[in-house]
Amino acid sequence: MGHYRLGVLEGDGIGPEVVAAAVAVCEAALARRGATVEWVALPMGWASIRQGGTAMPEATKAALAGCHGWIMGPHDSASYPPEERARRNPSGELRHHFDLYANIRPARSYPGVPALRRADLAIVRENTEGFYPDRNMYAGAGEWMPTPDVAVSVGVFTRRAAERIARAAFALARTRRRRVSIVHKANVIAMGTGLFRDTCRAVADDYPDVAVDDYHVDAMAAHLVRRAADFDVIVTTNMFGDILSDLAGELTGSLGLAPALNAGDERAMAQAAHGSAPDIAGRGVANPVGEILSAALLLDWLGARHADPAPTAAAADIARAVECALAAGARTPDLGGAATTADVARAVRDGVASDE
C-alpha cells in the first residue's frame, strides 16, 4: 500500500505525552521505509467530556471506521462523571464496537534493564467476553444489583471466541518458539473456562508443529514468578490475561515497558498495557516505551494485513531502536534512570534512523 490513515487518541493523564512519543517514532520509521502516514487526531476521554461531549463520541468511532488502525493513550475512566462511568470505558467501547477480539501483550526483559525475571513471552488475551461486563453482552452490561446489598456478575464463554483467540495464539507461536500454554480455571469454573481450555486444545490439532500444555491460572501466576523464561505464548481468557500481563510486565522490568495490541480481522488499536498515571501527568517523566512498542505492534499488524513489507520493516526498526536506547541508558525513573519522556522518544527516533 505505502500510505496509511491512522487515528490518534491521546487519552488522559500521561496519554498525550506517551502518544506524542509513539507518533513521532512511527513517523520516522515509516518514512525510513518509504511509507507515508496521515494522522487523524480525534477526541476522547476528559478532553471530549470537557467540550460537552462523551468520553467516546460517536463521531470519533465513525472517523476510526475510515482508518486502517489507530494509536490510543490510556484513559482515567475512574475519575469520569457518574453518567460516563455508567457507560463502557473508551477502550472497552472500541474493542466492543470494532470486534477487536485479540489482545496481544508481549513481555520481555532487556539487556541492562533491571528485572525480577528474564523472559520473552507473549500473552494472547481473549478480548470480547469472559467476566468483563463492559464487553460481554451485545447490549447492556453483564452486571447488575437486584438489591443494594447483592451484586451479580456474569461470565460469558463461547466456543467461537475461544477458537478464534486460540488460532491467533498458535499463529503467533509459529513466528516465535512454537509453544502455546493454555491458562484456565477449569477445576472451579468447569463449564466456562473448561469450554475455553477444550476448544483451545481442539484448535491445537491443526498446529501439530506447535507444542501445547495447559495450566490453572493460579499455578501460572506462580510459574511466572519462578520460571518466566520457560514460556513462549500464553493464551487465556479476558480477566486472566489482564492480570497475568501486568504481572509479566513488572517481572520483566516495568509495566511502563509493556506494549499491547487490540486486533480484529479488519482493524487494530495500539494501546499500552499501563494506565493513565495521573500522579505523574505533565511532569515529563512517563515511560513512553510501552506506547512506542504498541505502535510498533500496530505497524507489524498493518504489514501482515496488507501484505506490505514497509510497515513490517518499520516495526522491526522500532524494536531494535528501543533495545539500543535502553541499553545506552535512555531510561525513565521507573527503570532507575533519569531520562525524560522526550529524552527516550528522541533516543528511539534517532535509533530508527541509524543502520547500526
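Trainee: How many aromatic pairs does a search of the whole structure find?

Mentor: The model is a predicted one. Rings of Phe, Tyr and Trp count as a pair if their centres lie within 6.5 Å. A search of the whole structure on this basis gives a total of 5 aromatic pairs.

Trainee: Is the pair of Trp 46 and Tyr 80 stacked or edge-to-face?

Mentor: The ring centres of Trp 46 and Tyr 80 are 5.8 Å apart, and their planes stand at 85°. Planes over 60 degrees apart count as edge-to-face. The pair of Trp 46 and Tyr 80 is therefore edge-to-face.

Trainee: How many residues apart in sequence are the parts that this pair ties together?

Mentor: Trp 46 belongs to helix α2 (residues 45-50). Tyr 80, which is buried with a relative accessible area of 2%, is found in the loop between β3 (69-72) and α4 (82-85). The pair thus ties together parts whose separation in sequence is 34 residues.

Trainee: Is the pair of Phe 170 and Tyr 207 stacked or edge-to-face?

Mentor: The centres of these two rings, Phe 170 and Tyr 207, are 5.2 Å apart, with their planes at 20°. Planes under 30 degrees apart count as stacked. The pair links distant parts of the chain, with Phe 170 in helix α6 (residues 159-174) and Tyr 207 in the loop between α7 (192-204) and β9 (211-216). Because the planes of Phe 170 and Tyr 207 are at 20°, the pair is stacked.

Trainee: Is Tyr 207 buried or exposed?

Mentor: A residue counts as buried under 20% relative accessible area. Tyr 207 has 11% relative accessibility, so Tyr 207 counts as buried.

Trainee: Which side chain makes a polar contact with the side chain of Asn 127?

Mentor: Asn 127 is located in the loop between β5 (120-126) and β6 (143-147), and at 0% relative accessibility Asn 127 is buried. A polar atom of the Asn 127 side chain lies 2.9 Å from the backbone oxygen of Leu 100. The side-chain partner, at 3.0 Å, is Arg 95.

Methods:
Residues numbered from 1 in each chain as written. Predicted model: local features only at pLDDT ≥ 70, side-chain atom pairs only at ≥ 80, totals over all residues. Heavy atoms only, no water. Phe/Tyr/Trp six-rings, centres within 6.5 Å; stacked < 30°, edge-to-face > 60°. Helix = DSSP H or I, 4+ residues; strand = E, 2+ residues; numbered from the N terminus. Buried < 20%, exposed > 50% of the residue type's maximum accessible area, 1.4 Å probe, protein only. Polar contact = N/O pair within 3.5 Å; in protein donor to acceptor, adjacent residues only side chain to side chain.
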